[in-house]
Amino acid sequence: MAKTTSKAHPWHGISPGENAPDIVTAFIEIVPTDTVKYEIDKETGYLKIDRPQQYSNIIPALYGFVPQTYCGDGIARLASEKSGKFVEKGDGDPVDICVLTEREITHGDIILQAIPIGGFRLIDKGEADDKIIAVLKGDSMYQQFTELSQLPEMVVKRLRHYFLTYKNLPDEPAVMELANVYGREEALEVIRTAMDDYAHLSL
């Protein structure tokens, strides 16, 4: 009988990658065909249903997070510095990542290698909530792009529209604010800062 081992916790038990932040491991929670929003249960490490997608917004890329990162005080300070707005704190989650690929990947709960090319600095009810934009390592279409500014305009518009509206409810004010759009070097700085926040996190 083969010896069984426990599953590594996707946030705490998986490395962000030996070449992070230039190339990072991403844990994927949601894919574009999902009609339910999944997210990691922080206690158990299993995927859980956060909520059904009640409206027409569909994530336009693979979506998940970079393990062993944390949006805490360092991310809040960076967001304040870069945006010129006072940002009280990070959102308390690992840093989010969207991964672009030409291939259809049909389910989440997987890990992959991604190359950051930029990001969106979102403010969610006063909390820093960066979204790193990356390309799948080895992807024949998207690996040619090394900066967010090189992507087709419509790809960036779709991503921006999704993140500005995915939490909106009818007849209620918008909750997400886009403070900055940034390129690869700043994306690497965000990831490094989130890795440092994680290193100082008491678990």
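User: Which residue lies over the face of Tyr46, and at what distance from the ring centre?

Analyst: A charge counts as sitting over a ring if NZ of Lys or CZ of Arg is within 6 Å of the ring centre and within 35 degrees of the ring normal. Here Lys7 lies over the face of Tyr46, at 5.0 Å from the ring centre. This is a predicted model, in which local features need pLDDT of at least 70 and side-chain atom pairs count only at pLDDT 80 or more, while totals for chains, interfaces and linings use all residues. Residues are numbered from 1 along each chain as its sequence is written, and side-chain values use heavy atoms, with hydrogens and water left out.

User: How should I read the nonpolar core, and which residues touch the most other members of the largest one?

Analyst: In soluble globular proteins, nonpolar side chains tend to be buried together. A nonpolar core is a set of buried Ala, Val, Leu, Ile, Met, Phe, Trp, Tyr and Cys residues joined through side-chain atoms within 4.5 Å, where buried means under 20% relative accessible area, exposed over 50%, and partly exposed in between, with a 1.4 Å probe and protein chains only. The largest nonpolar core has 28 residues, and Ile97, Val99, Leu112 and Ile132 touch the most other members. At least two residues of this core come from each of strand E1 (24-30), helix H1 (73-83), strand E6 (96-100), strand E7 (110-124), strand E9 (131-136) and helix H3 (184-199); helices (H or I, at least four residues) and strands (E, at least two) are DSSP runs, numbered from the N terminus. Another core, of 23 residues, lies apart from it and has Ala61, Val135, Tyr142 and Val156 among its members.

User: What does Ile97 touch, leaving out residues up to four places away in sequence?

Analyst: With contact taken as heavy atoms within 4.5 Å, Ile97 touches Val24, Ala26, Leu62, Tyr63, Gly64, Phe65, Val66, Ala114, Ile132 and Ala134.

User: How many salt bridges does the structure hold, and which parts does the pair of Glu186 and Arg121 tie together?

Analyst: Side chains of opposite charge can pair when their charged atoms come close. A salt bridge is a side-chain nitrogen of Lys or Arg within 4 Å of a carboxyl oxygen of Asp or Glu, and the structure holds 15 of them. In one of these, the closest N and O atoms of Glu186 and Arg121 are 2.8 Å apart. Glu186 lies in helix H3 and Arg121 in strand E7, so this pair ties together parts that are 65 residues apart in sequence. Both Glu186 and Arg121 are buried.

User: Which residues are linked in a network of salt bridges?

Analyst: The network links Lys37, Glu39, Asp41, Lys48 and Asp50. Within this group, the side chains of Glu39 and Lys37 meet at 3.3 Å, N to O; Glu39 counts as partly exposed at 24% relative accessibility, whereas Lys37 counts as buried at 9%.
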